[in-house]
Amino acid sequence: AIIVISDNGAGMDEETLQTQRRMLQEDFEKSKSNASDGGIGIMNVHNRLRLYYDDENCGISIESKAGEGTTVYLKIKR
């Protein structure tokens, strides 16, 4: 199942979006040390989903465009 959360707010610039995506791809310990860049809550939920479902395909992905908004996808097993 995929849960989609979208807004039409300010969105993220490309650099911020890439930082968030990079944190989601890193392992937990490494990304925890980089959490000063922001996004520790997203990283925490992403890692908890992967641990709970014991599946590397579960977790969060993000799409965003400055001035247009952000969409977050939460992928979970059924």
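Which residue stands opposite Thr70 in β3? Keep that question in mind while we walk through this predicted model, starting with a pair of strands and then moving to a helix.

Let's begin with the strands. Strand β2 covers residues 59–65, and strand β3 covers residues 69–75. The two run antiparallel and are joined by seven bridges. Together they make a hairpin with three residues between the strands. In this hairpin, look for Gly67, which takes a positive phi near 85°.

Now for the answer to our question: Ser64 stands opposite Thr70. These two residues also meet through their side chains, which make a polar contact at 2.8 Å. Is Thr70 buried or exposed? Thr70 has a relative accessible area of 12%, and because the cut-off for buried is under 20%, Thr70 counts as buried. You can also see which residues Thr70 touches once those up to four places away in sequence are left out. Among them are Ile5, Ser6 and Asp7, then Gly11 and Met12, and also Ile62, Glu63 and Ser64.

Next, turn to helix α3, which holds the 14 residues 40–53.

Met43, His46, Asn47 and Leu49 are buried in α3. Seen down the helix axis, the buried residues fall within an arc of 155°, so they line one face of α3. On the face turned away from the buried side, you will find the exposed residues Arg48, Leu51 and Tyr52.

Tyr53, at 22% relative accessibility, counts as partly exposed. There is one aromatic pair in the count. The pair is formed by the rings of Tyr52 and Tyr53, whose centres are 4.9 Å apart. Why is this pair called edge-to-face? The planes of the two rings stand at 85°, and because an angle over 60 degrees counts as edge-to-face, that is the name the pair receives.

Finally, follow the chain past the helix. After α3 comes Asp54, whose phi is positive, near 50°.

Conventions:
Residues are numbered from 1 along each chain as its sequence is written. This is a predicted model: local features need pLDDT of at least 70, side-chain atom pairs count only at pLDDT 80 or more; totals for chains, interfaces and linings use all residues. Side-chain values use heavy atoms; hydrogens and water are left out. Helices (H or I, at least four residues) and strands (E, at least two) are DSSP runs, numbered from the N terminus. The expected span of a helix is 1.5 Å times one less than its number of residues. Buried means under 20% relative accessible area, exposed over 50%, partly exposed in between (1.4 Å probe, protein chains only). The arc is that of the directions from the helix axis to the C-beta atoms. A polar contact is a pair of N or O atoms within 3.5 Å; within protein, one must be able to donate a hydrogen and the other to accept it, and residues adjacent in sequence count only if both atoms are side-chain atoms. Contact means heavy atoms within 4.5 Å. Rings of Phe, Tyr and Trp (its six-membered ring) pair if their centres lie within 6.5 Å; planes under 30 degrees apart count as stacked, over 60 as edge-to-face and the rest as tilted. Two strands pair if DSSP finds at least two bridges between them.
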